[in-house]
Amino acid sequence: MHHWRRDLVELAALFTAVAVADAVANLIGHGPDGPALLLISALALAATAGFHTWWARRHVHAPPTGDTSDTGARPSASAHPAGPSAQGGPGALWRMRTTVRDEPGSLAALCTALATHRVDILSLQTHPLADGTVDEFLLRAPDPLTAAELTRVIAESGGSSTWIERADAHDLVDAPTRVLSLATRTALDAAELPLALRQLLGRCTIRSLPAGTRGEPVPAEGVLEDTVLRLRAPGGGVLSVERPYLPFTPTEFARARALVELDSRLGPRIPRAHDVLTLPEGNAITVRRVDTGDLDAARAMHERCSDRTLDLRYHGPVRDADRYLNHLLSPRFGRTLAAQTASGRLVGLGHLLWDGEETEVALLVEDDWQRRGVGAELLERLVRMAVEAGCASVYAVTRSANTGMVAAMRGLGLPLDYQVEEGTLVITARLDPARTGTPSRRDDEQLRL
């Protein structure tokens, strides 16, 4: 109906314009300068029409003024890693978690408050509770907006118990993809479980405790106690996960329990690939992952080591080698690399051990193979593993008399801190992925975490 009316108006305007033009042409055309005036008028009309066309094309795609307003704007849910913020800059990524009342409109109020401050919501997860809901956001906020200001905005819109920290591009992976990736890594390598739990739950302390260490035994379904998870460890005992700064939700507990159950069902396993390398003197040795299945070979290596070598490694006499080796070789506590000769004899062991939130490196090289580059090769690979696992630093506990270990740590070319604790020397290396190098595809396949 509206199109029909508009056509009639345009047709009437056309007839009117033709009539006016004919009258003007008759009036001017019979004058002394009539032809010249008509030509000038035609040129002026053509110029006006051209200007109008240019102006219309320039402004036809401009957004309406109302589209740039903050009022009622809905936050974007796109997940582009490096898109600009609403104020034109790259913006800052934040992970935020807050608790809201479980009632209609509570989440909408939160999103509206964030949109008002030009904050883009990249992803959202909800964790239902008995008396509310925990909403976990990945946000891109304008650079000037601080964590304190974001927290204040959330509090004013009904959020409580808000926790916020800076995020990076790795957090842009959606939750199902991340969980599947962690499950795959855990299935390939039993030593992945602690790292998978840490990536799943954020910064937390993971400890393997003997059965009966803390009161009542842990039931098969595990125990959720606010900021502590306790689950039956796959190798026996209790797996304790503690996160003092943020309570666990039932959703996180269920995910962690599923990962531990997967690890338990698959049993002990490590990648069986190996890497053959040539030492500076020309001898070829094989570096491979080992576990408790290599206990006999590791025990035989212990027996070939001198008392001094064992004393420097374990900071005292070793009366029960099996107890040390069972723990060190277990993938539940870290990763172990072995240097092996062509005849199959182990001549060196390197350990990367998870110690709560820290990571320890340790080396033992048979006497006849010391100062031949074996320890340095093992340590370099252990540090690359630590870098890939996201560790910020590694430390070695030794004695000042253990010049081989001190030289190997210095050979990494990383910033080192030295500290003496109870007569022992603790050397901490701050890891820098750019300086240690990213493992090649071949190394990643053969020495995979």
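Leu139 counts as buried at 0% relative accessibility, where buried means under 20% relative accessible area, exposed means over 50%, and partly exposed lies in between (1.4 Å probe, protein chains only). The model is predicted, so that local features need pLDDT of at least 70 and side-chain atom pairs count only at pLDDT 80 or more, while totals for chains, interfaces and linings use all residues. Residues are numbered from 1 along each chain as its sequence is written, and side-chain values use heavy atoms, with hydrogens and water left out.

Leu139 is found in strand β3 (residues 133-141); helices (H or I, at least four residues) and strands (E, at least two) are DSSP runs, numbered from the N terminus. Not counting residues up to four places away in sequence, Leu139 touches Ala92, Leu93, Trp94, Met96, Leu114, Val119, Asp120, Ile121 and Leu122, a contact being heavy atoms within 4.5 Å. Glu165 lies in strand β4 (residues 160-166). Glu165 counts as buried because its relative accessibility is 16%. Leaving aside neighbours within four places in sequence, Glu165 is in contact with Trp94, Arg95 and Arg203.

For the chain as a whole, the secondary structure comes to 14 helices and 16 strands. Of the 449 residues, 42% count as buried. Among contacts with a separation of 6 or more, 66% are accounted for by residues 24 or more positions apart. The average pLDDT (the predictor's confidence in each residue, from 0 to 100) is 77, and 73% of the residues score at least 70. Over residues 54-89 the pLDDT is below 50, and this stretch has 36 contacts in the model beyond near neighbours in sequence. Residues 436-449 also have pLDDT under 50, with 33 contacts beyond four places in sequence. Where pLDDT is low, the predicted coordinates should not be read in detail.

Val394 is placed in strand β14 (residues 393-398) and is buried because its relative accessibility is 1%. Beyond neighbours within four places in sequence, Val394 is in contact with Leu352, Thr359, Val361, Val383, Ala386, Ile427, Thr428, Ala429 and Leu431. The C-alpha atoms of Val394 and Ile427 are 8.4 Å apart, the two residues being 33 apart along the chain. Ala429, in strand β16 (residues 424-430), is likewise buried, at 0% relative accessibility. Ala429 touches Ala392, Ser393, Val394, Met409, Leu414, Pro415 and Leu416, residues up to four places away in sequence not being counted. Between Ala429 and Ser393, which are 36 residues apart in sequence, the C-alpha to C-alpha distance is 5.5 Å.

Several loop residues were also examined. Asp226, in the loop between β6 (223-225) and β7 (228-232), has a positive phi of about 60° although it is not a glycine. Arg371 also has a positive phi of about 60° and is not a glycine; its place is in the loop between β13 (358-365) and α11 (374-388). Arg371 counts as exposed because its relative accessibility is 73%. Gly293, in the loop between β10 (284-289) and α8 (295-304), is exposed, with a relative accessible area of 67%. The C-alpha atoms of Gly293 and Pro268, 25 residues apart along the chain, are separated by 9.5 Å.The second largest pocket holds about 650 Å³ of space. On a 1 Å grid over the protein atoms alone, a pocket is an open set of points where a 1.4 Å probe fits, with protein on both sides within 12 Å along at least five of seven lines, and lining residues have an atom within 4 Å of a point. Grid points are joined across faces, edges and corners, and the volume is the space filled by probe spheres set on the points. Of the 27 lining residues, Arg207, Ser208, His327, Arg332 and Phe333 are the closest to the centre of this pocket. The elements that give two or more residues to its lining are α6 (193-201), β5 (205-209) and β12 (346-355), and β5 gives the largest share, 4 residues. By class, the lining has 15 nonpolar, 7 polar and 5 charged residues, where Ala, Val, Leu, Ile, Met, Phe, Trp, Tyr, Cys and Pro count as nonpolar, Asp, Glu, Lys and Arg as charged, and the others, Gly among them, as polar. Domain 2 (175-266) and domain 3 (274-430) each give at least three residues to the lining, the domain bounds coming from an automatic or database domain assignment.
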